[in-house]
Amino acid sequence: MGDLKVARYEVIMMPAQMSKTERVMAALKGRAVDRPPVSAWWHDYKREWSAADLAEATLEYYRKYGWDYIKVNPRFSYYAEDWGATYRCYDDRMPEIDHPAVSSPEDLRRLKALDGTAGAFAEQLEALRLIAGGLGGEAPFIQTVFSPLAVMTRLTGSTKYVQKLIREASDELEAALGTVEQTMTAYARACLKTGASGIFYAAVEWGSADNISRENYERFGSPFDLRILEAVDGAPFNVLHVCRERNHLSRLLDYPVAAFHWDVHGTGNPTFTDVLSATSKAVMGGVAVRTLREGDPSDVRAEASRAKAEAEARFLLAPGCSIDPSTPPVNLETLVEAAAL
């Protein structure tokens, strides 16, 4: 009788069904997950003007779709309101600036650091407390915090005017960005005290080479970004969001965050493979905003599948940016289903 040959098989144990928090934290660290965490976010223009309404809307959508994590999506103007910028609000679109807080280099010199726990900031912190209470620890949530450059756009009401300040009043602008940084640092720390697991740090339009050069971002962007992020470095779920096409992400991979979020479908932007091969941090995104808004469920499913296959680990499924409020609910339901496929 011949020798008995015993085949040996490596058994890979997949984790049993995980809690939302376990799933998110494992994905951020690149550990095995039962499926990728999934979420999406958008503005509720009518209900984002009070803490109670924002919290109610946020929790309503969380429960409707069963997100694994919440990225809070407040009105974008609140960062500018306590410095004196006023905005007109609408039920169906973004607020529009009525009166800028900064319209000259002299205005930059008059900017003072604010209490990041008072005024409009206090309103947002109250919304976070309500969200934390509604979740009861069931899932992690993160609050959107704009970069000082992005805040400056909301103070002036114009990206082009900030570009003019970069050219013509660079020293005044740099000093004013430091003032904004102090306020946003205090606010970011306060967000964590309410129970947030981190901040969603958004460069918004300043993440793109179409709006700022690499050299100018190294002066007017990165130093302020890094000081804010270093102040909240102990949080487990800090995310850097780099917006628009031709983004600067490949030069920002040393930022102290747990994950990077961007539109992988944008022209000139890095792929998941590019980023995962260059950093140990996680990636977030994978499905285009346009696909969710205009595609059908098969399109959403296909993009999600490709993203999962490319990222494999250290991956959180999400749209590449804030989605349009008119996005069909069936496509959001499909996004959730695709995470489990």
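Helix α6 (residues 148-156) meets helix α8 in this predicted model, with Pro-148, Leu-149, Val-151, Met-152 and Leu-155 of α6 touching Leu-173, Ala-176, Leu-177, Val-180, Glu-181 and Met-184 of α8. Contact here means heavy atoms within 4.5 Å, and helices (H or I, at least four residues) and strands (E, at least two) are DSSP runs numbered from the N terminus. Residues are numbered from 1 along each chain as its sequence is written, and side-chain values use heavy atoms, with hydrogens and water left out. Because the model is predicted, local features need pLDDT of at least 70 and side-chain atom pairs count only at pLDDT 80 or more, while totals for chains, interfaces and linings use all residues.

**Helix α6 against α8**

- The axes of α6 and α8 come within 9 Å and cross at roughly 105 degrees; axes are lines fitted to C-alpha atoms, for helices over the stretch in contact, and angles run from 0 to 180 degrees between N-to-C directions.
- That angle makes α6 roughly perpendicular to α8, on a scale where under 35 degrees is roughly parallel, over 145 roughly antiparallel, 65 to 115 roughly perpendicular and the rest oblique.
- This contact holds 10 nonpolar residues, no polar ones and one charged residue; Ala, Val, Leu, Ile, Met, Phe, Trp, Tyr, Cys and Pro count as nonpolar, Asp, Glu, Lys and Arg as charged, and the others, Gly among them, as polar.

**Helix α5 against α8**

- Helix α5 (residues 119-135) packs on α8 (residues 170-193) at about 20 degrees, with the axes 10 Å apart, which means that α5 is roughly parallel to α8.
- The crossing of α5 and α8 is right-handed: a crossing is right-handed if the near helix is turned clockwise from the far one by less than a right angle, and left-handed if anticlockwise.
- Phe-121, Gln-124, Leu-125 and Leu-128 come from α5, and Thr-183, Met-184, Tyr-187, Ala-190 and Cys-191 from α8.
- Seven of these contact residues are nonpolar, two are polar and none is charged.

**Helix α8 against α10**

- The axes of α8 and α10 (residues 222-231) come within 9 Å and cross at roughly 20 degrees, so α8 is roughly parallel to α10.
- α8 and α10 also make a right-handed crossing.
- On the α8 side the contact uses Glu-174, Leu-177, Gly-178, Glu-181, Met-184, Thr-185, Ala-188 and Arg-189, and on the α10 side Phe-224, Arg-227, Ile-228 and Ala-231.
- Here the classes are six nonpolar, two polar and four charged residues.

**Pockets**

- The largest pocket has a volume of about 640 Å³. On a 1 Å grid over the protein atoms alone, a pocket is an open set of points with protein on both sides within 12 Å along at least five of seven lines, a cavity is a set where a 1.4 Å probe fits but cannot get out, and lining residues have an atom within 4 Å of a point. Grid points are joined across faces, edges and corners, and a volume is the space filled by probe spheres set on the points.
- Of its 31 lining residues, Val-204, Cys-243, Arg-244, Cys-321 and Ser-322 are the closest to the centre of the largest pocket.
- Strands β4 (141-146) and β5 (198-202) each give two or more residues to that lining, which has 16 nonpolar, eight polar and seven charged residues.
- The second largest pocket holds about 180 Å³, and its lining includes Leu-28, Lys-29, Asp-233, Pro-256 and Lys-281.
- Seven nonpolar, two polar and three charged residues line the second largest pocket.

**Cavity**

- One cavity of 30 Å³ or more turns up in the whole structure, and the largest cavity has about 150 Å³ of space.
- Trp-42, Thr-58, Tyr-61, Lys-71 and Asn-73 are the closest to its centre among 17 lining residues.
- Helix α2 (51-65) gives the largest share of the cavity lining, five residues.
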